[in-house]
Amino acid sequence: MNNAISIQNITKVYDGIRAVDDLSLEVRSGTIFGLLGPNGAGKTTLIKILTTLMRPTSGNAFVEGKSVLTDGASVRGMIGVVPQVNNLDRYLTARENLALHARMHRMRAREYGPRIDELLELTGLTGRQHDFPDTFSGGMQRRLVVARALIHAPRVLFLDEPTTGLDPQSRRAVWAYIQSLRSTMTIFLTTHYMDEADTLCDRIVIMDHGRPLVDGTAAQLKEAFAHSHVYELEFRANADRYEEVLRTFPFIRSLERRGNSFRLELRDEESLKPLMDGIGSKDLKGICLEEPSLEDVFIHLTGKKIRE
Ligand SMILES: Nc1ncnc2c1ncn2[C@@H]1O[C@H](COP(=O)(O)OP(=O)(O)OP(=O)(O)O)[C@@H](O)[C@H]1O
Ligand SMILES: [Mg+2]
């Protein structure tokens, strides 16, 4: 089977709010799929529906060919879930948390013992396995939740914001771990981080208001905006005065200042000439066209900045 996940016209309405709005999507087996969107876009709602924690208002979805509506038990047996909020049992040690999960998946001790050893090793938690999760850092707790999701060797792994709140080093550790799973299973992740989607995902969908806005590889999404007009301008002196001047230009869409440099988005290519005429070359140290980041793509589409 080529598609690990098939979402067919899913809608979820919570007292009047359309959290997911007639969304259809297929995710190919063995790929890492990234769902990006601002707060309230509907990402977690969609994951809850796909992992059978919640029923859609209408539509259906299939995981490895099994319907989330009529075959929830089969779906749950094949998936691993890392929820947005860590839900470890604080009265059990790290190892006991993993063992409980294995037993819930009807694994035998003979089978799950070595598997737990292996996952603790891979996530760097072997030395802390007999400690309680409350004594762990955020990054360690997150790694434990990921290890737990993998015990029963799921075919599809759902990760809802796997690295939110982690420091850069822990984020990289989680990324490396996700990358090591590449092509051994299908991974569906949500994130607010552009660099995360860019690094990990084979394909990215940006959604807002319950609907997909764009769909493509990171390179394609950036390519689609390759004709954006974002420039970096650096001045040798008088940056304050130039800032005042720049702020009066109607063709500048957005302006950000960093010391003597400005990052600005022009309305169109034709605006470059009046810009250069307006500021002159006396104090200008350099000007360059910037490659758009996924963040730019996102802002362009949703008009919003991403949290964090
Ligand atoms: N249990 C609920 N009851 C009522 N409304 C809800 C419930 N859960 C989510 N919503 C609403 O549904 C919309 C989508 O929320 P959801 O949590 O799916 O977004 P999200 O994309 O995961 O956001 P975030 O990035 O903040 O995690 C929001 O408007 C939210 O307020
Ligand atoms: Mg969410």
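## Surroundings of ligand 1

A polar backbone atom of G42 lies 2.9 Å from an oxygen atom of ligand 1, a polar contact being a pair of N or O atoms within 3.5 Å; within protein, one must be able to donate a hydrogen and the other to accept it, and residues adjacent in sequence count only if both atoms are side-chain atoms. A backbone N or O atom of A41 is 3.1 Å from an oxygen atom of ligand 1, and a polar side-chain atom of H192 is 2.8 Å from an oxygen atom of this ligand. On its own, ligand 1 has 630 Å² of accessible area, of which the protein covers 66% (Shrake-Rupley method with a 1.4 Å probe; for residues, only the protein chains shown count as cover).

The model is predicted: local features need pLDDT of at least 70 and side-chain atom pairs count only at pLDDT 80 or more, while totals for chains, interfaces and linings use all residues. Residues are numbered from 1 along each chain as its sequence is written, chains are lettered from A and ligands numbered from 1 in the order in which they are written, and side-chain values use heavy atoms, with hydrogens and water left out.

## The shell by element

Around ligand 1 there are 14 residues, of which G40, K43, T44, T45 and H192 come nearest (near: a heavy atom within 4 Å). The largest share of this shell, three residues, is supplied by α1 (helices are DSSP runs of H or I, at least four residues; strands are runs of E, at least two; both are numbered from the N terminus).

## The magnesium ion

Ligand 2, the magnesium ion, is coordinated by T44 (OG1) and Q84 (OE1) at 1.9 to 2.1 Å (donors are N, O and S atoms within 2.8 Å of the metal, or 3.2 Å for Na, K and Ca; water is not among the atoms, so sites may look incomplete). Because T44 lies in helix α1 and Q84 in the loop between β6 (79-82) and α3 (94-104), the pair ties together parts that are 40 residues apart in sequence.

## Aromatic pairs

The structure holds five aromatic pairs (ring centres of Phe, Tyr and Trp, the last by its six-membered ring, within 6.5 Å; stacked under 30 degrees between planes, edge-to-face over 60, tilted for the rest). One of them joins F33 and F188 in a tilted arrangement, 5.1 Å centre to centre with 35° between the planes. F33 lies in strand β3 and F188 in strand β8, so this pair links parts 155 residues apart in sequence.
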